[in-house]
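Here's a quick briefing to keep beside the model while you look around.

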Amino acid sequence: MLKDTFNRDHHYLRISLTDKCNLRCSYCNPVDLPKGYFAHSNKMSVDEIDTIAGTFVQLGIKKIRLTGGEPLVRKDAKEIIRRLSKYPVELAITTNGVFVHEFIEVFQQAGLQSVNVSLDSLKKDTNTLITGRDEFDRVIQNIGLLLKNNFRVKINTVVIKGVNEHELPHFVEWTKHEPVHVRFIEFMPFTGNQWSREKVFSHDEMLQLIAKQYAFINLPNKKHDTDKKYAVAGHQGTFAIISTMSRPFCSGCNRLRLTTDGKMKNCLFSKSEVDILSALRSGSDIVPLIKQCVWSKDEMLGGQFSTAYEKLDSSKINNRSMINIGG
Ligand code: SAM
């Protein structure tokens, strides 16, 4: 059992397979990425991911999400998915969707049921502007392919004021005809992503905007949910809001993270990291390290800021960039 000092049990591990990505989303990539950054590699091997994941499973992990960077750009991603499918966990993945068509079969064989796809705009041009690459048509096709193959598809949309907040009703309209579950994510601060409080479009602002066009109802939430779910009567899909900035959900947090270089983080915003990979490579027992990392978890937001995001000075946050953590 992985319990912290606030009596929170942890059953959910997010593993970053790589910090490389084929897209250049402005909110995720640091603007000043050093030249040659993507060439660096001290990443966990397939065997190391398998061993570390197996240890977490013995300690009570019930859900593993693969993320990145873009997890599907890793050459041995298929092998990793197959290897992890042997564990008695819910296996899930978060992807930008560009390479999904090459993975449908392996997802099915591994028993994956739900796929999270990032999509920040329903307009090709805006999407290209945000992601730095022209992959909109491919992503839309691949969302269709996932739906056709009966995967549950959640769409992750980072909402940035002045960039895409006006598209929220379009996304809700999309859920009328497609069984997609769109999650609007408040813009979060990470190293180098040019966050400012003025760019945050909050949970309340999102609901006010959507309410101008749609009547919606609250859907029930589970204890560990990070999103607040809503539905419009007659729509096939739903929408939800992830309100890390304006209404954090730390009290129900059950998540742990492993970066691609094998460092464990007990929170997306944690300052400290525990070097699990070096310990494994030197033949040490990683169980006490994992337990200690969980035990040292702060009550909220990695101990780095509070709910008053309007007063936050993001330059004081000591963390990696999102692409480097694994979102
Ligand atoms: N490449 C994959 C993808 O695009 O989904 C997985 C990695 S990405 C870092 C994981 C999730 O983090 C995405 O849904 C992305 O939208 C979200 N994300 C990244 N930076 C963010 C930020 N600054 N604020 C809120 N969400 C962010």
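Helices (H or I, at least four residues) and strands (E, at least two) are DSSP runs, numbered from the N terminus. This is a predicted model, so local features need pLDDT of at least 70 and side-chain atom pairs count only at pLDDT 80 or more, while totals for chains, interfaces and linings use all residues. Residues are numbered from 1 along each chain as its sequence is written, and side-chain values use heavy atoms, with hydrogens and water left out.

**Around the ligand**

- The ligand has 20 residues around it, with Y27, G69, E70, S118 and M188 the closest; a residue counts as near if one of its heavy atoms lies within 4 Å.
- β2 (63–68), β3 (90–95), β5 and β6 each put at least two residues into that shell.
- Sort the shell by class and you get eight nonpolar, 10 polar and two charged residues. Here Ala, Val, Leu, Ile, Met, Phe, Trp, Tyr, Cys and Pro are nonpolar, Asp, Glu, Lys and Arg are charged, and the others, Gly among them, are polar.
- For polar contacts (N or O atom pairs within 3.5 Å), a polar backbone atom of M188 sits 2.9 Å from a nitrogen atom of the ligand.
- On its own the ligand has 540 Å² of accessible area, and the protein covers 96% of that (Shrake-Rupley method, 1.4 Å probe).

**Cavities**

- A cavity is a set of points, on a 1 Å grid over the protein atoms alone, where a 1.4 Å probe fits but cannot get out; lining residues have an atom within 4 Å of a point.
- β5 (152–159), β6 (180–186), β8 (227–232) and β9 (238–242) each supply at least two of the lining residues, and β6 has the largest share, with three.

**Second largest pocket**

- A pocket is an open set of points with protein on both sides within 12 Å along at least five of seven lines.
- The second largest pocket holds about 160 Å³ of space.
- Its lining includes L84, Y87, E90, L112 and Q113, and by class comes to seven nonpolar, four polar and one charged.
- β3 gives the largest share of this lining, three residues.

**Overall fold**

- The chain has 10 helices and 12 strands.
- Its C-alpha trace spans about 60 × 45 × 45 Å along the principal axes.

How values were computed
Polar contact = N/O pair within 3.5 Å; in protein donor to acceptor, adjacent residues only side chain to side chain. Points joined across faces, edges and corners; volume = space filled by probe spheres on them.
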